[in-house]
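Me: I've got a structure to go through with you. Can we take it piece by piece?
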Amino acid sequence: MTNKLPSISAPRGQLIAEANLRASIFDALAEGVVVLDAQGEILDCNSAAEEILGIPRQQVLGRTPRDPRWRAIREDGTELPPDEMPSVITLRTHLPINRFVHGIVHVDGAVRWISVSSQPVIDESGGFQGVVASMADVTAQHEQAKRLVAQQAELDRFFDASLDMLCIATTDGRFVKLNPEWEACLGYPLAELEGRRFLDLIHPEDLAATRQALEALSQQTFIANFENRYRRRDGSYRWIEWRSTPIDGMIYASARDVTSRKDAEVALRIQTRELALQKQVLESVLDSPSTGFWDWHIARDYTYYNPSWLRMLGYSPGELPASPETWQQLIHPDDLHKAQQNYQAHVVSKGKEPFYNKVRYRHKDGSVVWVLCIGRVIEWSETGEPLRMTGCHIDITEAQTLEERLSVALSVSNTGLWEWCFDTGERYHSDECAVMLGYSPDEISFTTEVWRTLCHPEDLERARFLGRKHLNGETARLDCDYRLRAKSGGWVWVRDVAEVVDWAEDGAARRMLGVRMDVTVLREALMRAEEASLAKGEFLANTSHEIRTPLTAIIGYADLLTESMGLPCDTRRHALAIERNAQHLLTVINDVLDMSKIEAGQMLVECLPFDPVALLQEVVSLMEVRAAEKGLFLRVCYESALPVVICSDPTRLRQILLNVLGNAVKFTETGGVTVHVSCNPSARGMCFRVVDTGIGMTQSEREKVTRFAAFTQADSSMSRRFGGTGLGLRISNALAGLLGGQIEVESEAGKGSSFTVTIDTGDIDGVEISPLQMHTRATAAEIPLEGSHETSSPPVPAVETAQGLRGVRVLLAEDGPDNQRLIGFHLERAGAEVIVAENGLRAVELIESGASGSQPHLILMDMQMPELDGYDATRRLRAQGYRRPVIALTAHAMAGDREKCLKAGCDDYLSKPIDRRRLVEICALWGKPVMGQTTDVRGFPAPPQ
């Protein structure tokens, strides 16, 4: 608020009078008051102002703030210029200044600190008349503040200089002030810690104890040696030890990081436990019934035997004298000299040569105890004489007995042990290695050179190759059969099974252990088995040929009869019966051949990309006719999205599904069969679950089936009632295994069966997955299942063969008249021109004759013919440069027959009985492309122009 004064035009005396009046009033005020006119001259001041300014009133009046006799200082002690004084600022700006603190230096040098407020004086007309300045003596407060600042600075210096962690905190658990050691300990900047609840940093296991300590501090209790864990910024914890005291509601504390000490205490406890455990183990070892400790004081001729040493030999403490003679009397006479020699060698070598013996001791009951004696001189005299020796005896009687038994077993089984140290090149072979070759142990030394000369030349490189693979770490062990020359000059088949048991740091082998077994008898038995298997294979191949050849005619002509128009019904039924039974016989032959391949390990599978849905629909379409004949439904239920392509063997998968689905239809009288299809891409597995409503199986019948034994059905009456050889499931399960899956069976008598076929899909990462809806296709024949997507598969369209071979000339080399007429009929009906040769020799002569009217575009070559068979005929033509296609016809369908035909020079392969559609397709595939080929009429390369 501004002060209102009389107009400046009032007489000066009036102004002075009024100022005197105000001064009398101001004298009663505790604050000093100074009145200045508009030019800054002091008109009046009160008594308080005199005291504060330190000069009489008469010396104050008339001065201005700019008077050089005034000396004012700032709070930091520097001179305060007149222009910065509050009254001068108000004179210049006509603005009020409040509580400006500065110092006034009295004449005697004393400093009074004052708080000055200056107010402008404005008259009634708004004119500036002067300034009224009030001042309060704040010297006491200023000195107090200085002392507090100094104390705070001293506290800060103490905080910063302390090696301990210092803090001030509230009793409710919040940091107020911390020194830099906290930042070094916990990793947080001090700005993040000050004001933070320190309970948030306490380890959960220490929270309860910390809260109890805070409660005690709030009750003014001093806390010393309190420890808890604090979480660092990186998530780890540090152990902190505290000394805390409460003052005026605050906690003053010093702390230390004692993590290293706590870790050392933990390590010490662990070490103490380990030492205790080791002591316990040592005591148990020393007190073990199989281990005895002895201590021989040589200079005093005294030996200590611990109780377990005595018990090992059947004695109690005190029964035997404590002297070296005790062990010399108990040791077997034949072993005493060897033990004494080893002791002398140990002493002479100053302990470098180990004292290590395997000797026999006499038990109190008269039996023999085999002992492993280990000892060492632990104290020597200045002249190098032994003073004290300690050691132990280990009872190895049981191990020695086992070793003797092993030696007997190795001798009886004609098996030897060997060891090869690569660092030294030394080889050790047990006596059996020499005996199995007819040598006595001292007649032969198995060095590397000796082994190389004994090894059969045909086996040497293979044995060395397998050895190198194991030494390079490529195989887990060496396992090799080879021949060694016996002393008699004959050959002995041996098997070495060995393994490197010691490797150097650089990965090099250092030591190998192995066994050598005489497997001559086994190899001879294996060769006899292979000969028998070969004979069996030849028998099956010949039998297959002899059956397939007439079946070609039987099935072919029966097929022609069933297609004949105007055939009497009875005759047509008879032809169908012939064809049906011939097909059944062919199925039996194929199953037997497949089983033979599987058992011989010759069944091979391919990995080809194909559409699994299309393959399944093809299989279902083939089964629909059989299901319809029995009045059964047949449907497919897609239970998940499926890949559009998988990689497996489509031929074998089709064979499995046809077999399993055919069995389901065969053993179902009412209801039907459902195929549930799903795929698990992450597991690379596809599942086909065939569920029927058939007769089912009892538990014993199911167990019998799930063994997948050959020629086995659930019940012996099954083959009489339903037919079949019992090979189908065994073959299908073996094929599923080759495709990376298996077949699982669930069944209940009278309620049907479920056969689940799983296969590996191969890598389908990135393969398109068709949505579930893409597989579903409703048909009138389906019986829908609630909540599932089902479909019946469409029939596979028949192959159009009419006139498919128009313009193709085929040479048919076939010795059987019936098959000549049948195969020729099918080819001619498809539009081909057929030339017949009754054997391979005639076929070659026709080609070599060069007659343009008889030169074929392709040859159908039967592989078993008189005069010259198909193999030799094809080889002769290829040797002469014949280039046109040769298709093998053979009733042999064993593993390797196709490869045998192709190796002879054939381009493709057809097995008997001949499928007429397949016959026409193959001939069209190979015949049409060569009709315009640049060769001479005989199929040989055309001469250069």
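Me: Are α19 and α20 roughly parallel or oblique to each other?
Reply: This is a predicted model. In it, the axes of α19 (residues 612–629) and α20 (residues 650–666) cross at roughly 30 degrees. Angles under 35 degrees count as roughly parallel, therefore α19 and α20 are roughly parallel to each other.

Me: What do their axes come within?
Reply: The axes of α19 and α20 come within 10 Å. The crossing is right-handed.

Me: Which residues make that contact?
Reply: On α19, they are L615, L616, E618, V619, V620, L622, M623, R626 and A627. On α20, they are P650, L653, R654, L657, L658, L661, G662, V665 and K666. By class, that contact has 13 nonpolar, 1 polar and 4 charged residues.

Me: Now α26 and α27. At what angle do they cross?
Reply: Roughly 20 degrees. The axes of α26 (residues 840–849) and α27 (residues 870–879) come within 8 Å. The angle makes α26 roughly parallel to α27.

Me: Left-handed or right-handed?
Reply: The crossing of α26 and α27 is right-handed. α26 puts in G840, L841, V844, I847 and E848. α27 puts in A873, R876 and L877. The residues of this contact divide into 5 nonpolar, 1 polar and 2 charged.

Me: And how do α25 and α29 pack, at what angle?
Reply: About 60 degrees, for α25 (residues 817–829) against α29 (residues 916–927). Their axes are 10 Å apart. That angle makes α25 oblique to α29.

Me: Which handedness, and which residues touch?
Reply: α25 passes α29 in a right-handed crossing. The contact uses I823, H826, L827 and R829 of α25. From α29 come R916, L919, V920 and C923. The classes are 5 nonpolar, 1 polar and 2 charged.

Me: Let's zoom out. How many helices and strands are in the protein chain?
Reply: The protein chain has 29 helices and 36 strands. Of its 945 residues, 42% are buried.

Me: What about the accessible surface?
Reply: For the protein chain, the accessible surface comes to about 50000 Å². Carbon and sulfur atoms account for 54% of that surface.

Me: Of the contacts between residues at least 6 apart, what share joins residues at least 24 apart?
Reply: In the protein chain, 55% of them do.

Me: Where is I769, and what is its relative accessibility?
Reply: I769 is in strand β30 (residues 769–770). Its relative accessibility is 36%, so I769 counts as partly exposed.

Me: Backbone next. What is phi for K350?
Reply: K350 has a positive phi of about 55 degrees, although it is not a glycine. Most residues other than glycine have a negative phi. K350 lies in the loop between α12 (333–348) and β14 (355–362). K350 is partly exposed, with a relative accessible area of 48%.

Me: What about E867, what's its phi near?
Reply: Near 65 degrees. That is a positive value, again in a residue other than glycine. E867 is in the loop between β34 (858–862) and α27.

Me: Is E867 buried or exposed?
Reply: E867 is at 65% relative accessibility, so it counts as exposed.

Me: Which residue just after α4 takes a positive phi?
Reply: H94, at about 60 degrees.

Me: Which residues of α4 are buried?
Reply: In α4 (residues 86–93), they are P86, S87, V88, T90 and L91. Their cover includes β1 (32–37), β4 (97–105), β5 (111–122) and β6 (128–137).

Me: Last one, H203. Buried or exposed?
Reply: H203 is buried, with a relative accessible area of 14%. H203 lies in the loop between α7 (190–193) and α8 (207–218).

Me: What does H203 touch?
Reply: R229 and Y237, not counting residues up to four places away in sequence.

Conventions
Residues numbered from 1 in each chain as written. Predicted model: local features only at pLDDT ≥ 70, side-chain atom pairs only at ≥ 80, totals over all residues. Heavy atoms only, no water. Axes fitted to C-alpha atoms, helices over the stretch in contact; angles between N-to-C directions. Helix = DSSP H or I, 4+ residues; strand = E, 2+ residues; numbered from the N terminus. Parallel < 35°, antiparallel > 145°, perpendicular 65-115°, else oblique. Left-handed = near helix turned anticlockwise from the far one by under 90°. Contact = heavy atoms within 4.5 Å. Nonpolar A, V, L, I, M, F, W, Y, C, P; charged D, E, K, R; others polar. Buried < 20%, exposed > 50% of the residue type's maximum accessible area, 1.4 Å probe, protein only. Areas by Shrake-Rupley, 256 points an atom, 1.4 Å probe, with all protein chains shown as cover.
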